[in-house]
Amino acid sequence: MTEAEPAVAALVDRLFRDQWGRLLSIVIGQTGEIELAEECVQEAFAQALDRWPSAGIPDSPEGWLVTAARRRAVDRIRRDRVGRDKLRIIAGSDHSAQAGAGQPAQDQLEQDQLESGVADERLRLLFTCCHPALAVESQAALALRTLLGLSVAEIARGFGVSEVAMAKRLTRTKIKIRDAGIPYRVPPAAQLAERIDGVLGAIYLLSNEGYAGTGGDRLIRGDLFR
């Protein structure tokens with residue numbers, strides 16, 4: 001183990017907790033595919049753990065991760081020979097995530113806040129995930145898994161169902177999003193009310209897990225509220 005590895009591991013762990021939802025939403029917005037985005041963001045974090053100890057931590061770790069995830073998505077789409085229009089969009093916007101750049105992404109965040117009226121970025125992402133075309137239970141479960149970092153087992157316990165049943169529900173939800181072409185974008189203020197039940201459900205179940213952890217050796221899980 002090099003001297004840099006513990007510091008890199010601690011940083012990547014913090015970024016994973018704090019930035020996972022934001023990074024995932026960016027890549028989903030570019031690809032339109034939740035499962036592909038999840039895989040690419042996970043691979044970007046793994047890449048960071050492998051490269052940063054020797055190459056050094058970049059000036060903008062978040063920008064580096066977005067760029068790495070986008071490039072993985074480009075490679076996957078190219079390899080599968082599908083989504084040529086998506087490939088053009090992702091490749092064309094890749095420069096906006098370069099370390100030290102970030103201005104286009106910041107402009108988009110400010111535009112999202114203006115249109116939605118929701119100042120908190122994480123809350124905007126929750127509203128984005130809770131699309132009314134999905135059942136309320138599916139909205140909440142997807143938000144908990146995709147944005148809020150709960151495991152399938154933890155979500156299943158919150159809903160009072162088996163882990164297998166919850167895994168199947170999440171898979172069906174992702175398939176419906178893909179097949180129905182449900183867009184993943186921040187809703188304007190006029191559409192927030194129709195999504196509020198799913199958002200409140202996700203927050204309620206997150207709070208339950210945070211204040212009475214169902215797994216591990218901690219009753220209070222402060223990491224879920226960062």
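A residue is called buried when its relative accessible area is under 20%, exposed when it is over 50%, and partly exposed in between, with a 1.4 Å probe and protein chains only. By that scale Arg72, at 33% relative accessibility, counts as partly exposed.

This is a predicted model, in which local features need pLDDT of at least 70, side-chain atom pairs count only at pLDDT 80 or more, and totals for chains, interfaces and linings use all residues. Residues are numbered from 1 along each chain as its sequence is written, and side-chain values use heavy atoms, with hydrogens and water left out.

Start with the overall plan. The protein chain has 10 helices and zero strands. Helices (H or I, at least four residues) and strands (E, at least two) are DSSP runs, numbered from the N terminus. Of the 226 residues in the protein chain, 43% are buried. Contact here means heavy atoms within 4.5 Å. Among contacts with a separation of 6 or more, 62% join residues 24 or more positions apart. The protein chain exposes about 12000 Å², and carbon and sulfur atoms supply 52% of that area. Accessible areas come from the Shrake-Rupley method with a 1.4 Å probe; for residues, only the protein chains shown count as cover.

Now look at the charged pairs. Side chains of opposite charge can pair when their charged atoms come close. A salt bridge needs a side-chain nitrogen of Lys or Arg within 4 Å of a carboxyl oxygen of Asp or Glu. The count comes to four salt bridges. One of them joins Arg76 and Glu39, at 2.6 Å from N to O. This pair links distant parts of the chain: Arg76 sits in helix α3 (residues 61-80), Glu39 in helix α2 (residues 34-55), 37 residues apart. Glu39 is partly exposed, at 33% relative accessible area.

Glu43 and Arg72 form another salt bridge, at 2.9 Å from N to O. Again distant parts of the chain are linked, with Glu43 in helix α2 and Arg72 in helix α3, 29 residues apart. Glu43 is partly exposed, with a relative accessible area of 27%.

Arg178 and Asp179 also meet in a salt bridge, at 3.0 Å from N to O. Arg178 is exposed at 53% relative accessibility, and Asp179 is exposed at 56%. Glu33 lies in the loop between α1 (5-31) and α2.

Aromatic rings come next. Rings of Phe, Tyr and Trp (its six-membered ring) pair if their centres lie within 6.5 Å; planes under 30 degrees apart count as stacked, over 60 as edge-to-face and the rest as tilted. The structure holds four aromatic pairs. Among them, Phe16 and Phe45 are edge-to-face, 5.1 Å centre to centre with 70° between the planes. Phe16 belongs to helix α1 and Phe45 to helix α2, 29 residues apart. Phe16 is partly exposed at 40%, while Phe45 is buried at 4%. Phe16, Trp20 and Phe45 form one aromatic cluster.

Finish at helix α8 (residues 152-159). Here Val152, Ala153, Glu154, Ile155 and Ala156 are buried. Their cover includes α7 (136-146), α9 (163-180) and α10 (196-211). Just after α8, Gly160 takes a positive phi of about 70°.
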